[in-house]
Amino acid sequence: MAESERQTGSSEEAVSPLQHSFMIPKKEINMVSDMAKWKRSQAYADYIGFILTLNEGIKGKKLTCEYRVSEPVKKLVDLLNTLDRWIDETPPVDQPSRFGNKAFRTWYAKLDQEAEHLVAEVIPKHLVEAAPEAAVYLKESVGNSTRIDYGTGHEAAFAAFLCCLCKIGVLRVDDQLAIVFKVFNRYLEVMRKLQKTYRMEPAGSQGVWGLDDFQFLPFIWGSSQLIDHPNLEPRHFVDERVVNENHKDYMFLECILFITEMKTGPFAEHSNQLWNISAVPSWSKVNQGLIRMYKAECVFMVNILQSLHASTRDVSAWILQVGRVWKPAVHFSSTVESAETSIAHVISGAGEELKTPPFSGFSAIL
């Protein structure tokens with residue numbers, strides 16, 4: 001269980017707000033030609049470094065393990081609890097169409113109106129000018145109100161939102177476990193409730209050939225949790241009994257449980273990619289393969305990134321541009337074995353293009 005708050009050390013000591021002016025992010029990735037700029041950008045290096053650092057930090061740990069819960073983490077959970085409560089206050093409406101309940105637009109309109117205030121409640125007063133920027137990512141992270149859909153691009157927006165909070169010192173290095181186990185896991189619960197309540201369509205789904213209709217990151221981080229597990233192997237996650245007994249401890253198994261609740265028919269037919277993954281011999285190989293797959297099918301896909309207001313300018317960080325004028329409050333650094341990828345000094349570095357071999361499917365690592 002999560003326990004005490006972290007020791008003293010205010011985030012106000014990490015950065016100086018007087019050195020920076022904020023700006024509202026805008027969409028920079030609109031076509032295939034923009035991808036080259038994205039791959040070379042500091043924003044890309046920061047994002048991937050953030051994902052991989054958390055991936056390393058939670059390796060071998062259960063959702064129910066002991067970890068520190070800081071005040072900003074508590075406030076983020078309160079924010080997500082507010083979004084959850086709004087769902088209860090905005091029931092689905094009767095309509096001819098089975099999918100895409102229009103009540104979601106009413107729910108989203110409330111978020112659109114209150115987002116800046118919600119974010120301002122999370123960050124310190126001396127950083128309150130950052131709220132309008134960070135709020136854009138929060139609003140992008142819950143789905144599209146026009147299409148009433150949700151997908152991995154929206155999930156990436158929430159990860160970017162958390163990454164930005166780390167970069168300005170709201171979240172710190174010792175928050176790593178809480179970021180994934182407390183905040184991101186609560187975010188997943190709220191998103192699943194949105195998906196079920198308003199019957200949201202999957203955005204950019206590849207159908208049976210995709211990993212999942214809605215999520216990707218919990219499979220990456222969830223597989224890291226299971227690395228070197230003494231009993232559970234990849235082949236076990238297709239066993240209903242194993243999933244039911246262990247899903248509260250592992251994100252990966254919680255994802256599998258949600259899929260089986262939402263889909264009918266043989267698992268091998270409605271989730272073929274996951275079925276293939278169950279034949280991989282170890283969780284470390286699953287984890288490495290999923291990271292390569294994430295880059296190939298999410299981070300480098302224009303149709304996915306179009307839902308992000310991501311800047312591709314080399315001198316900028318994601319939305320806050322702290323790499324140019326602020327000493328970063330948190331550095332993310334990690335390596336992934338056999339993926340030939342090194343993330344070193346991703347926040348303070350030059351943001352060189354990261355060279356990763358193309359993902360060729362899990363058959364390559366069986």
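Me: What share of the residues of the protein chain count as buried?

Reply: This is a predicted model. Of the 366 residues in the protein chain, 57% count as buried.

Me: And how many helices and strands are there?

Reply: The protein chain has 15 helices and 4 strands.

Me: Of the contacts between residues at least 6 apart in sequence, what percentage join residues at least 24 apart?

Reply: In the protein chain that figure is 79%.

Me: Now helix packing. At what angle do α4 and α5 pack?

Reply: Helix α4, residues 103–122, packs against helix α5, residues 131–140, at about 140°. Their axes are 8 Å apart.

Me: Which residues make the contact?

Reply: From α4 they are Tyr-108, Leu-111, Asp-112, Ala-115, Glu-116, Val-119 and Ala-120. From α5 they are Ala-131, Pro-132, Ala-134, Ala-135, Leu-138 and Lys-139. By class, the contact of α4 with α5 has 10 nonpolar residues, no polar ones and 3 charged.

Me: What about α5 and α6, how far apart are their axes?

Reply: The axes of α5 and helix α6, residues 152–167, are 7 Å apart, and the two helices pack at about 150°. That angle makes α5 roughly antiparallel to α6.

Me: Is the crossing of α5 and α6 left-handed or right-handed?

Reply: The crossing of α5 and α6 is left-handed.

Me: Who is in the contact there?

Reply: α5 contributes Ala-134, Tyr-137, Leu-138 and Glu-140, while α6 contributes His-154, Ala-157, Phe-158, Ala-160 and Phe-161. The contact of α5 with α6 divides into 7 nonpolar, 1 polar and 1 charged residues.

Me: Changing topic. How many salt bridges are there?

Reply: The count comes to 12 salt bridges.

Me: Let's take Asp-84 and Arg-186. How far apart are their closest N and O atoms?

Reply: They are 2.8 Å apart in the salt bridge between Asp-84 and Arg-186. Asp-84 lies in helix α3 (residues 71–89) and Arg-186 in helix α7 (residues 176–197), so the pair ties together parts 102 residues apart in sequence.

Me: Is Asp-84 buried or exposed?

Reply: Asp-84 is buried, at 11% relative accessible area. Arg-186 is buried as well, at 16%.

Me: What about Asp-84 and Lys-193, what is the distance between the closest N and O atoms?

Reply: Asp-84 forms a salt bridge with Lys-193 in which those atoms are 2.5 Å apart. With Asp-84 in α3 and Lys-193 in α7, the pair ties together parts that are 109 residues apart in sequence.

Me: Where do Glu-189 and Arg-186 sit relative to each other in α7?

Reply: Glu-189 and Arg-186 are 3 residues apart in helix α7, which separates them by about one helical turn. Their side chains meet in a salt bridge of 3.0 Å, N to O. Glu-189 is partly exposed, with 41% relative accessibility.

Me: Which residues do the salt bridges with shared partners join into one network?

Reply: The network consists of Asp-84, Asp-88, Arg-186, Glu-189 and Lys-193.

Key
Residues are numbered from 1 along each chain as its sequence is written. This is a predicted model: local features need pLDDT of at least 70, side-chain atom pairs count only at pLDDT 80 or more; totals for chains, interfaces and linings use all residues. Side-chain values use heavy atoms; hydrogens and water are left out. A salt bridge is a side-chain nitrogen of Lys or Arg within 4 Å of a carboxyl oxygen of Asp or Glu. Buried means under 20% relative accessible area, exposed over 50%, partly exposed in between (1.4 Å probe, protein chains only). Axes are lines fitted to C-alpha atoms, for helices over the stretch in contact, and angles run from 0 to 180 degrees between N-to-C directions. Contact means heavy atoms within 4.5 Å. Ala, Val, Leu, Ile, Met, Phe, Trp, Tyr, Cys and Pro count as nonpolar, Asp, Glu, Lys and Arg as charged, and the others, Gly among them, as polar. Angles under 35 degrees count as roughly parallel, over 145 as roughly antiparallel, 65 to 115 as roughly perpendicular and the rest as oblique. A crossing is left-handed if the near helix is turned anticlockwise from the far one by less than a right angle, and right-handed if clockwise.
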